[in-house]
Amino acid sequence: MKVAVVKYNAGNIFSVIHALQRMGVDPLLTDSPMELRNADKVIFPGQGEASNAMHYLRERGLDKVIPSLTQPVLGICIGQQLMCCHSEEGNVDCLGIFDAEVKRFVPVGHEDKIPHMGWNSLQIITDTTRTSLKEEDNKSPFKDDLEGLFVYFVHSYYVPVCKDTATVTEYILPFSSAMQKDNFYATQFHPEKSGAVGQRILRNFLEL
Amino acid sequence: MLAKRIIPCLDVKDGQTVKGTNFLQLRQAGDPVELGKLYSRQGADELVFLDITASHEGRKTFTDMVQKVAAEIDIPFTVGGGISELADVERMLSAGADKISINSAALRRPELIDEIASHFGSQVCVVAIDAQQGEKGWTCYLNGGRIPTDRNLFDWAKEVNERGAGEILFTSMNHDGVKQGFACDALNRLASMLTIPVIASGGAGKMGDFRDVFAQGHADAALAASVFHFGQIGIPELKAYLRTEGINVRL
């Protein structure tokens, strides 16, 4: 299986590559449109700042390539945010795969610390309520047996709950901790840093 | 709900883990990568690796170890010890560390915190504070608790927060190695005045100490070394216990 990891100016891409290597997959790190199109699976990872990341993607034409991919694509953290329509971070238009706006967390009480950092739990939205999913395409890396399990987050911006939400996590308010639409999947958390649960999610994605 | 974190700390010298009692004596406790993997499997939420080597060769060995940890361990980890400028931070992050911890360097030149936060993001920057409670209140120390400063713990913690650190790792020198519980009063005061998470360190002796540091000290995470290294407390039993005590931990 050919797995491509989108190369762009986001930090900590190597943790995703290490995680794939631990699973016996040797991914290709690339920003070549042809190599991305030819891969069986594409992972769009990263940590970073949204407007800088979008600028890099536009310069290389990847803002057109990524939404047009037809194989399974997994966005991670800033990857999920960039797959939405717009981000408050740097007030930038993004890839528009998910019909959602990325917002900054606003603390309500003193205990609400920003960034949301640490282990938090997943609430799986069952497939029947995931309105954007077609009946015949009822596949998901976010399976019911992940209900209540903990994954690792580091982020200051979030995607509100919307029709593409696959899992919900609560921090200050309920937000989209994972999303899914057609062949596009995304996690706000870092599966590559989420121990055995994260590895299960990555494996589920690779097995799609 | 966000879980309270349990963090084993591994002091590393020349590629081997060691742990001091009251910062002075050192005892041998194993290979850092293997020990880190074991803790990860047992349910540790993060790991901290502190380089206590002074030599240039030791630093190189530590960087190699960080690369191995990044390749083999699938939970977040922080590295500290000997980080005094942006180039050190860059080297550790390139080797695969998720966060770096600075201590004396921040006290000597507080602007380093602003620089790390603006270059790499606040979430990368953990500021460790070693402090001792004496006649003049809580005083911060340099060089692993060897040199006192004129800085007050609470003033310094507030400044660290305002300069853009992502977390504070507070070690009470009065409690460290004594195994009679964490400095819950000071921790509670830190938690109520800061807008960033506090990791409590120093004093873990029994499971009830961890309950107290979360329930009374309001710490976001608890760090310990010897109780884990020498098997006095197992992480799975500790987390099961905390759950029954009503503390939200990842199981």
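Strand 7 and strand 8 (residues 137-142) of chain B pair in the antiparallel sense, over five bridges. Within this pairing, Q132(B) has T139(B) of strand 8 as its bridge partner. The link from strand 7 to strand 8 of chain B is a hairpin of two residues. The model is predicted, and its local features are reported at pLDDT of at least 70.

Strand 10 (residues 167-172) of chain B runs parallel to strand 7, and six bridges join them. Here D130(B) stands opposite T171(B) of strand 10. Strand 6 (residues 99-102) of chain B also runs parallel to strand 7, with three bridges between the two. In that pairing, I102(B) has V127(B) of strand 7 as its bridge partner.

How buried is strand 7 of chain B? It covers residues 125-134, and seven of its 10 residues are buried, so the strand is largely enclosed by the rest of the structure.

K4(B) sits in the segment before strand 1 (5-13) of chain B. Is K4(B) buried or exposed? K4(B) counts as buried because it has 24 C-beta neighbours inside 10 Å, and the cut-off for buried is 20 or more. Which residues surround it, leaving aside neighbours within four places in sequence? K4(B) is in contact with F214(B), D220(B), A221(B), I247(B), N248(B) and V249(B). F210(B) gives another view of the fold around K4(B): the two are 206 residues apart in sequence, yet 10 Å apart in space, C-alpha to C-alpha.

Turn to chain A. It holds six helices and 14 strands. Its C-alpha trace spans about 50 × 35 × 30 Å along the principal axes. The radius of gyration of chain A is 16 Å; a compact globule of 208 residues would have one near 17 Å, so the two agree. Of the 208 residues of chain A, 50% count as buried. Among contacts in chain A between residues at least 6 apart in sequence, 71% join residues at least 24 apart.

Chain A contains an open sheet of eight strands, in the order 2-1-3-4-14-13-12-9, with mixed pairing. Which strands form the edges? They are strand 2 (28-30) and strand 9 (123-124) of chain A, each pairing on one side only. Strand 1 (residues 3-6) of chain A runs parallel to strand 2, and three bridges join them. V5(A) of chain A stands opposite L29(A) in strand 2.

Helix 1 of chain A lies across this part of the chain.

The last step brings the chains together. In the interface, 21 residues of chain A are in contact with 18 residues of chain B. Which elements of chain A supply at least two residues each to the side that touches chain B? They are helix 1 (13-22), strand 8 (116-121), strand 10 (150-155), strand 12 (165-171) and helix 6 (195-206) of chain A. Helix 1 of chain A gives the most, with five residues. By type, the residues on this side of chain A divide into nine nonpolar, seven polar and five charged.

Definitions and conventions. Residues numbered from 1 in each chain as written. Chains lettered and ligands numbered in written order. Predicted model: local features only at pLDDT ≥ 70, side-chain atom pairs only at ≥ 80, totals over all residues. Contact = placed C-beta atoms within 7 Å. Helix = DSSP H or I, 4+ residues; strand = E, 2+ residues; numbered from the N terminus. Nonpolar A, V, L, I, M, F, W, Y, C, P; charged D, E, K, R; others polar. Pairing = 2+ DSSP bridges. Buried ≥ 20, exposed ≤ 12 C-beta atoms within 10 Å, placed from the backbone. Rg over C-alpha atoms; globule rule 2.2 N^0.38 Å.
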